[in-house]
Amino acid sequence: MKKKVETIKQGTCILTEKPFVHVLKAKYRKERCDHCFSSGKVLKCSGCEYVYYCNRTCQTEAWNLHKIECPYLKKITPRIVPDAARILARIILKLQQGGDLEKGYYTKLCYRKFRDLMSHYHEIRNDPKRLEHLESLSMVLRDLLGEKLVPNFTELQGIYGRLVVNGFNILDGEMNSIGTGIYLGVSVVDHRCTPNAVATFEGTTLFVRALTDLPALDWSQIFISYVDLMQTPADRRAELKANYYFLCTCSRCIGPQEQLQMEAAACPSKDCDEYVVLQDKCLPVACGKCGTRVTEKFLEEFCEVTNFTKLQLASMKDVASDLDVCKICFAKQKNVLHRLNLWHTKTLDLAFESAIEMGKWQDARSFGQLLLPGFRKYNGDFNPLLGLLYMKLGKIELYLEHIAVAREYLLEASKILRVTHGETHSLYAKQLIPLLEQTCE
C-alpha cells in the first residue's frame, strides 16, 4: 500500500539554509556585523581593521574563513574591495581549503556542491559586458590575493559564472539588499513569474516558504521569482536573458494580453473606470464597456504621457525632487493612464517612498492607499513587498492616530507576512506584533 503524501500547507518553511559564502555590502561594513549582518554597535577586527563584528561569538564563528582573508584585507587597507571581488576571493579561498566538498541539502538525501552549480561558461564567454567585468575583477583579485592564489582565467570564469547566476541578494527585513550570498541547496529552485514559493532572510540564513498549498515537496514544481515582478513581460524576459541566460515561457510572459493591460489607457469617458488597450497604438479603438471611441488627440496624449513618465522614472534620484516630479507626472496621467497602468503604479510607489523619507505623512497615506490595487495586481496576493506596504500604511495611520484604520492595515500585513516570513521572524514578531498591540490599547 502506498504511503499517503501529505500536502504542504501555505506558509510552510520548506528549506532553511546557511550560505556557502556571503559578503556584506561594503557601504554597510561600519554599521553592520560582517558575519550575521545585524545592525547596531560593531567593533572592527584588530587584524585587518577592515571588517566589523557585533560580538565575540560572531567573530569566532567567522574566523574559520576570515583568518585566511584577514592578512590580504590588511595589506590593501584603507582601499575598499569591490563587493564582487571580495565574494570571489572568499569562494577561491574556501575552495582551496576543501570547500568543494561542502554539501547543501535540499532534501534529507539530495544535495548540491559548489561544482554542481551551472557555470554558464559558453554564455559568459560570449557576453562582452560580463567578460569585461571579470577582467576588471581579476586585476583586483591579483592585487588582493597575489598571482599564485588566483586561478587561471578559465577556472576563474567558471567560478564567476556560478556566482553571478546563482548568487542571492541577501535582504533585510524591509527587503533592501545588504549583501550577497551563495546558497548551494536552494540553487535547485527555478524561476517563474507566478511563483508558488518565496525566499526571505533572517540575517544571512535563507528560508524558502510555500506561498500556496503544495501537493508534495517536488522541487521540479516549486518556483520563486528571480526578478522584480512589477515590470512588463518584455522587460522581465530581457532581464532574465541578460542575467540568467534563459527566456521565461510562463503564462504571464507569453500571453500578449499581460503587457497590453499593463500599459493600458484610461477610458476617454471620465464616467467609466474600464481600461482601454491601445494595441500597436492603432486606431480605431473603443472602450469595451461603454463604447467611447479613442480619438487621435487622446492617442497622442497617451503616448506623450507614457514616454514622459518612463523618462522621469528613469532619471529620478533625489528624494525631494522625486516627489515634486511625481506630482507633475500624476497631473499628466490623470484621465489618460488607467489607474492600474504599470507606469502609474510605479510613479505611486516612488511617490509613496519619497513622502515617507520626507516625513510627509498625509501625502504618504494618500499615495499608499492608491498604490495598493496595482501593487497587489503585479506582485500577487502573497508577496513580502505587499505585506510591507500594508505594514507601512498601518504605521502611518498609527502616527496619525487613526487607530481603527491602522489595525485593518496591520491585520492585512499579518495575513501576508505570516506566510512569507513566518511568525518567528523578527519582522513579524518584533515589529509587526508590537504595532498590532498598540491598536488594542
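1. Quick ground rules: helices (H or I, at least four residues) and strands (E, at least two) are DSSP runs, numbered from the N terminus. This is a predicted model, where local features need pLDDT of at least 70 and side-chain atom pairs count only at pLDDT 80 or more, while totals for chains, interfaces and linings use all residues. Residues are numbered from 1 along each chain as its sequence is written, and side-chain values use heavy atoms, with hydrogens and water left out.

2. On to the second largest pocket. A pocket here is an open set of points on a 1 Å grid over the protein atoms alone, where a 1.4 Å probe fits, with protein on both sides within 12 Å along at least five of seven lines; lining residues have an atom within 4 Å of a point. The volume comes out at about 530 Å³, taken as the space filled by probe spheres set on the points, which are joined across faces, edges and corners.

3. Who lines that pocket? There are 22 lining residues, and Pro-19, His-22, His-35, Glu-61 and Ala-62 lie nearest the centre. β2 (21–24), α1 (56–76) and α2 (83–96) each put in at least two residues, with α1 giving the largest share, six. By class, the lining splits into eight nonpolar, seven polar and seven charged residues (nonpolar: Ala, Val, Leu, Ile, Met, Phe, Trp, Tyr, Cys and Pro; charged: Asp, Glu, Lys and Arg; polar: the others, Gly among them).

4. Now the rings. The whole structure holds eleven aromatic pairs (rings of Phe, Tyr and Trp, the last by its six-membered ring, with centres within 6.5 Å; planes under 30 degrees apart are stacked, over 60 edge-to-face, the rest tilted). Phe-168 and Tyr-183 make an edge-to-face pair, because their planes sit at 85°, with centres 6.0 Å apart. Phe-168 belongs to strand β7 (residues 168–171) and Tyr-183 to the loop between β8 (177–182) and β9 (190–191), 15 residues apart. Both are buried (under 20% relative accessible area; exposed is over 50%, partly exposed in between; 1.4 Å probe, protein chains only): Phe-168 at 16%, Tyr-183 at 0%. Together with Phe-201 they form one aromatic cluster.

5. Tyr-226 and Tyr-244 form a tilted pair, 4.9 Å centre to centre with 50° between the planes. Tyr-226 is in the loop between β12 (223–224) and α6 (233–244), and Tyr-244 in helix α6, 18 residues apart. Tyr-226 is partly exposed at 25%, whereas Tyr-244 is buried at 16%.

6. Last, charges over rings (NZ of Lys or CZ of Arg within 6 Å of the ring centre and within 35 degrees of the ring normal). Arg-29 lies over the face of Tyr-50, 4.4 Å from the ring centre, and Arg-192 over that of Phe-223, at 3.8 Å.
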